[in-house]
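Biologist: Could you take me through one part of this model at close range, starting from a single strand and following what lies around it? I'd be glad of one connected account, with the cut-offs behind your terms.

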Amino acid sequence: LIIFSLFLGLIFLSGFFHMKDYSHEDQTVTFLQNLQQPLLTPPTSCFAKTNVMFLKTHKTASSTVLNIMFRFAERYNLTVALPAGQLLHLGYPRNFMAHFVEDFEAIGQNYNIMCNHLRFNPSEVRKVMAPNTFYFSILRNPIPLLESSYIYYKNDVPAFRSSKDVNEYLASPTRYYQPADYRQNIYARNIMWFDFGYDNNAEDNTKYTQAILEEIEQNFHLILIADYFDESMILLKHTLCWDMDDVIYFKLNSRSQDTVQTLTPESEEQIKAWCSLDWKLYLHFNQSFWRRIEETIGLEVLEKEVDHLRTRQKELMETCLLEQEAVGKGHIRNKALQPYQSGAANILGYNLKQGLDNRTLRTCQKMVIPELQYTSYLYAVQHPHKKGKQLGLPLLWTSLQE
């Protein structure tokens with residue numbers, strides 16, 4: 001019995017030391033593996049949010065965000081709430097209604113992604129999107145925003161059309177702007193306020209604006225800032241628990257620098273007064289944006305991740321693009337990749353390299369395809385038995401390279 005007990009004891013001790021050695025060895029391997037992982041890996045596990053509604057505001061880099069959303073939807077085989085019939089937007093500038101979405105009557109609340117232009121109407125949007133949907137939007141400093149709107153909508157907006165340039169318009173906006181023509185003139189004053197579903201000609205008083213800002217905070221989980229686009233993408237990545245490649249982008253629907261009009265100091269100050277609702281909206285959420293970053297990511301990690309994002313973006317541009325940058329409308333070789341041109345703007349696009357393998361080609365095509373073409377393509381994929389949107393453009397990815 002004594003010998004047997006000693007034998008069992010030796011086995012136990014041997015196993016104990018073996019387990020300790022194994023545990024120590026395992027920890028060492030894990031530690032080395034962690035060293036090899038980028039510092040950008042989130043410290044806690046989370047699950048990617050796949051029910052997401054993006055309120056696409058005008059002239060705020062929102063076409064680039066839409067491209068990100070569409071690519072994410074394709075990656076995870078998600079259902080997108082696309083405009084019904086021949087529409088390329090969700091009823092804008094009318095208040096959004098659920099029936100503006102293709103097949104809403106059949107699909108109901110089973111859409112994952114919504115991101116095409118609409119004028120926000122929360123009760124109707126909730127009819128389309130799941131209860132656990134994440135809502136976010138993006139804002140831009142109203143000063144460059146109004147100048148951009150002036151150039152882009154110069155031919156469509158009466159208030160812009162009848163003035164010589166943006167500075168002349170801003171010198172006396174009430175001379176050109178008629179509030180009664182709100183559908184034509186919405187881009188000329190407080191356009192972001194309008195996109196969120198509110199009266200862009202409302203009187204600016206503290207009680208009213210504060211109530212609206214609180215309402216927006218209740219309706220949206222996150223508001224990004226276009227003036228800090230890379231930082232916004234990092235915050236979005238963290239908040240949605242997405243991968244870095246999910247938020248990589250090429251800038252879309254941007255215009256050539258030679259179409260930018262220089263605002264006088266007087267014009268800049270006038271914008272703050274003329275678009276005071278947008279100005280207050282921007283100031284409020286610019287503050288909450290940076291506060292959110294400090295509370296969730298921290299500025300040090302943010303800087304590292306922004307550098308990583310830009311490095312990855314540069315790698316993709318070198319892989320995909322012939323000129324490794326955007327080119328003017330007259331230099332886009334493949335007309336299927338020609339973005340919609342508007343007003344006095346020269347909207348830039350891209351030329352892809354020849355000879356890319358099929359997988360790389362598909363990735364690159366998704367990065368550069370303009371908004372209207374991508375909407376049309378996804379519509380054909382999701383609704384193959386319905387009449388396609390009449391853009392006069394090829395729908396197959398292979399055709400885009402041809």
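**A strand and its surroundings**

Modeller: Gladly! In β1, Val 52 and Phe 54 point one way while Met 53 and Leu 55 point the other, and all are buried. Strands here are DSSP runs of E with at least two residues, helices are runs of H or I with at least four, and both are numbered from the N terminus. Buried means under 20% relative accessible area, exposed means over 50%, and partly exposed lies in between, with a 1.4 Å probe and protein chains only. Please keep in mind that this is a predicted model, in which local features need pLDDT of at least 70 and side-chain atom pairs count only at pLDDT 80 or more, while totals for chains, interfaces and linings use all residues. Residues are numbered from 1 along each chain as its sequence is written, and side-chain values use heavy atoms, leaving out hydrogens and water.

Now for the partners of β1. The strand pairs with β2 in the parallel sense over two bridges; pairing requires that DSSP finds at least two bridges between the strands. Met 53 has Met 114 of β2 as its bridge partner. β1 also runs parallel to β3, joined to it by four bridges, and here Val 52 stands opposite Phe 134.

Thr 133 counts as buried because its relative accessibility is 3%. Its side chain reaches the backbone oxygen of Ala 130 at 2.7 Å. That is a polar contact, a pair of N or O atoms within 3.5 Å; within protein, one must be able to donate a hydrogen and the other to accept it, and residues adjacent in sequence count only if both atoms are side-chain atoms. Apart from neighbours within four places in sequence, Thr 133 is in contact (heavy atoms within 4.5 Å) with Asn 51, Val 52, Met 53 and His 221, so we are back at β1, where Val 52 and Met 53 are themselves buried.

β1 is also among the elements covering the buried residues of α2, together with others including β2, β3 and α12 (229-240). Twelve of the 14 residues of α2 are buried, so this helix is largely enclosed by the rest of the structure. Among them are Ser 62, Leu 66, Phe 70 and Arg 71. Just after α2, Asn 77 takes a positive phi of about 55 degrees.

Finally, a disulfide (a pair of cysteine sulfur atoms within 2.5 Å) joins Cys 46 to Cys 241, with S to S at 1.7 Å. This pair links distant parts of the chain, 195 residues apart: Cys 46 sits in the loop between α1 (2-36) and β1, and Cys 241 in the loop between α12 and α13 (265-274). The torsion about the S-S bond is about 85 degrees, so this disulfide is right-handed. Cys 46 is partly exposed, with a relative accessible area of 40%, whereas Cys 241 counts as buried at 16%.
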